[in-house]
Amino acid sequence: LLVGAPRDVEPANGTRTGAVYACPLTASTSDCQRLGIELKSEPDKAIIDDMWLGVTVASQRQPAGRVLACAHRYTKVLWSGSEDQRRMVGKCYVRGNDLRLNISDEWQTYHNEMCNSNMDADETGMCQMGTSAGFTANIIYFGAPGAYNWQGAWAEVGNPHPWGCPRCGSNPHLIAGTDYMLQREMWDLHDFSYPNMRNGNTYIGYTAEVGSAVLQQDAVTMVTGAPRYKHMGAVYLLSRSPQQTLQRSLLLPGHQVGSYFGSAVALADLNNDGWQDLVVGAPYYFQRKQEVGGAVYIYMNEVGGFQSNPSLVLTGPSYSAFGFAVASIGDINQDGFQDIAVGAPFEGPGKVYIYHSSAEGLLDKPRQV
């Protein structure tokens, strides 16, 4: 079990950098191992104190895979004479499944700093990369909700061609010396790219998921939340164009101002039809008269398409932030259908709701709390 501890203190120097732990699933409470990342404090170059390492953790979930830990508050320091300027660009670290650095693995030695700290907040100087992140078999993807005046952005590093890319030639997106492809211009120039200031404060990349059998069976779809889109929130479904950039294929809008719709997303095939369904959290949704606080929207996949209105809406009690986190947790009751977990961190000491599913989709009552 990978556990992020973004407010943890570095034992060597007492700096509050955050940390990531790997904990075996045993009865012991003292056998967790701290992810070994050497963090050198150089306050005139970069600020690692309070950088929140562990705000995002991920695994490739395979025996020879890797783990990922991000610190979205990692800050570069620039100097102009005697004045310093600070750029909260974020940073992510990759290690092997043994949590150690393997210098022969380019995935681990590549710097994974996607944002240009020489730019200001109107471009990528406050991008906060790593607020969301994850793996597929051959790419690492990052959300950067602070980019372009908090419009947000998405970046990828990896080799989209598992056997190399012999025909890529002088493609400017290729990083010299590797087969990794870096894609910075994630948005269609007409609709999304900076300097389209209408999209400022949207927070694209706040959450991110990647999967196949979403819009097409064999093609990968990128799903990212934008919880401040038009103050209502939204979820973007993105697909690769023939030019290997990302384009918006579908946008699912939020349903209430300030609900933070899209701040949590998950993919799961709930009815076992071979298509991935979409789970979206809106933790600040409320209905005052009904004492409701927080909602989770279920969108059932209709053979590669989604209706704009959800198939099911789950809600939690007032002030619970129900839907603050959502996750696909596999088939935990072994009935052939995937199950989900929903977090409600402000309900008492915090609660997790477990929902099972069936051939008709997700059941509307939790099986366990």
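User: What does the chain average in pLDDT?

Analyst: pLDDT is the predictor's confidence in each residue, from 0 to 100. The chain averages 84, and 87% of the residues score at least 70. Over residues 160-195, however, the pLDDT is below 50. Where pLDDT is low, the predicted coordinates should not be read in detail.

User: How many helices and strands are there in the chain?

Analyst: Helices (H or I, at least four residues) and strands (E, at least two) are DSSP runs, numbered from the N terminus. The chain has two helices and 25 strands.

User: Why is strand E11 described as largely enclosed?

Analyst: Buried means under 20% relative accessible area, exposed over 50%, and partly exposed in between (1.4 Å probe, protein chains only). All six of the six residues of E11 (residues 139-144) are buried, so the rest of the structure largely encloses this strand. One side carries Ile-139, Tyr-141 and Gly-143, the other Ile-140, Phe-142 and Ala-144.

User: Which strand do four bridges join to E11?

Analyst: Two strands pair if DSSP finds at least two bridges between them. Strand E10 (residues 132-135) runs antiparallel to E11, with four bridges joining them. Gly-134 has Tyr-141 of E11 as its bridge partner, and three residues lie between the two strands of this hairpin.

User: Which residues touch the most other members of the largest nonpolar core?

Analyst: In soluble globular proteins, nonpolar side chains tend to be buried together. A nonpolar core is a set of buried Ala, Val, Leu, Ile, Met, Phe, Trp, Tyr and Cys residues joined through side-chain atoms within 4.5 Å. The largest core here has 36 residues, of which Met-51, Leu-53, Leu-68, Met-129 and Phe-142 touch the most other members. Strand E6 gives the most to this core, with five residues.

User: Is Ser-239 buried or exposed?

Analyst: Ser-239 counts as buried, because its relative accessibility is 10%. This residue lies in strand E15 (residues 234-240). Its C-alpha atom is separated by 8.1 Å from that of Ala-219, 20 residues apart along the chain.

Methods: Residues numbered from 1 in each chain as written. Predicted model: local features only at pLDDT ≥ 70, side-chain atom pairs only at ≥ 80, totals over all residues. Heavy atoms only, no water. Contact = heavy atoms within 4.5 Å.
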